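Q: I'm new to this one. Can you walk me through it?
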Amino acid sequence: MELEKQNILFIVRTMGLGGTENVVLQLCEVLSGKVNKIVVCSSGGVHEQKLRAMGIKHYKIPDIKSKNPLDMLKTYWLIKSIIKKEQITIVHSHHRMAAFYAEISSSKNVIKVANAHNTFQDK
């Protein structure tokens, strides 16, 4: 795999204040200039400004933790369309529901990476 040809999509719950969001920002900083394209999708937050400053496109999607069937359907179609439009080759998810959406929204040719930032016994 040639890193400089990869288009990476990070799926994260929010871009608000938090550890996971900081990890995504750090990954964006480290990979910027080393890959072809970086795209982030989330329900938004204060760190959207930092993404813009880095020249990284952000797509706003419904909160991925929502189990409302209409939100889930909308999120599925949005992520699927982002993957197609941006010609994504790698999806890096940062929530258990993000991993679910990555799996059902992308083809088998797309590389999927999932991070578990926290583990809960009841989830």
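A: Here is a short tour, strand by strand and helix by helix.

Q: What kind of model is it, and how are residues numbered?
A: This is a predicted model: local features need pLDDT of at least 70, side-chain atom pairs count only at pLDDT 80 or more, and totals for chains, interfaces and linings use all residues. Residues are numbered from 1 along each chain as its sequence is written, and side-chain values use heavy atoms, with hydrogens and water left out.

Q: Start with strand E1. How many of its residues are buried?
A: 5 of the 5 residues of E1 (residues 7–11) are buried, so the strand is largely enclosed by the rest of the structure. Strands (E, at least two residues) and helices (H or I, at least four) are DSSP runs, numbered from the N terminus. Buried means under 20% relative accessible area, exposed over 50%, partly exposed in between, with a 1.4 Å probe and protein chains only.

Q: Which residues sit on which face?
A: Asn7, Leu9 and Ile11 are on one side of E1, and Ile8 and Phe10 are on the other. Both faces are covered.

Q: How does E1 pair with E2?
A: The two are parallel, over 5 bridges. Strands pair if DSSP finds at least two bridges between them. Ile8 has Ile38 as its bridge partner in E2.

Q: And what does the chain do between them?
A: From E1 it passes through helix H1 (residues 19–31) to E2, a right-handed β-α-β crossover. Right-handed means that, with the strands pointing away from the viewer, the path from the first strand over the helix to the second runs clockwise.

Q: How many bridges join E1 to E4?
A: 4 bridges, and E1 and E4 (residues 90–93) run parallel. Ile8 turns up here too: its bridge partner in E4 is Ile90.

Q: On to helix H3. What span should it have?
A: At 1.5 Å a residue, the 17 residues of H3 (residues 69–85) should span 24 Å, and its end C-alpha atoms are 24 Å apart, which agrees. The expected span is 1.5 Å times one less than the number of residues.

Q: Which H3 residues are buried?
A: Thr75, Tyr76, Ile79, Ile82 and Ile83 are. They cover an arc of only 135° around the axis, which puts them on the same side of H3. That arc is taken from the directions from the helix axis to the C-beta atoms.

Q: What covers them?
A: The cover includes E1, E2, strand E3 (57–60), E4 and helix H4 (96–105).

Q: Which residues are exposed on the other side?
A: Pro69, Leu70, Trp77, Lys84 and Lys85 are exposed there.

Q: What about the ends of H3?
A: Asn68 caps the N-terminal end, with a side-chain oxygen 2.7 Å from the backbone nitrogen of Leu70. Just after H3, Gln87 takes a positive phi of about 50°.

Q: New topic: His47. Buried or exposed?
A: His47 counts as buried, at 5% relative accessibility. It lies in the loop between E2 (37–42) and helix H2 (48–53).

Q: What is it in contact with?
A: Leaving aside neighbours within four places in sequence, His47 is in contact with Met15, Gly16, Leu17, Glu21, Asn22 and Leu25. Contact means heavy atoms within 4.5 Å.

Q: And where is His95?
A: In the loop between E4 and H4. His95 counts as partly exposed, at 22% relative accessibility. His95 and Val12 are 83 residues apart in sequence and 6.4 Å apart in space, C-alpha to C-alpha.

Notes: Polar contact = N/O pair within 3.5 Å; in protein donor to acceptor, adjacent residues only side chain to side chain.
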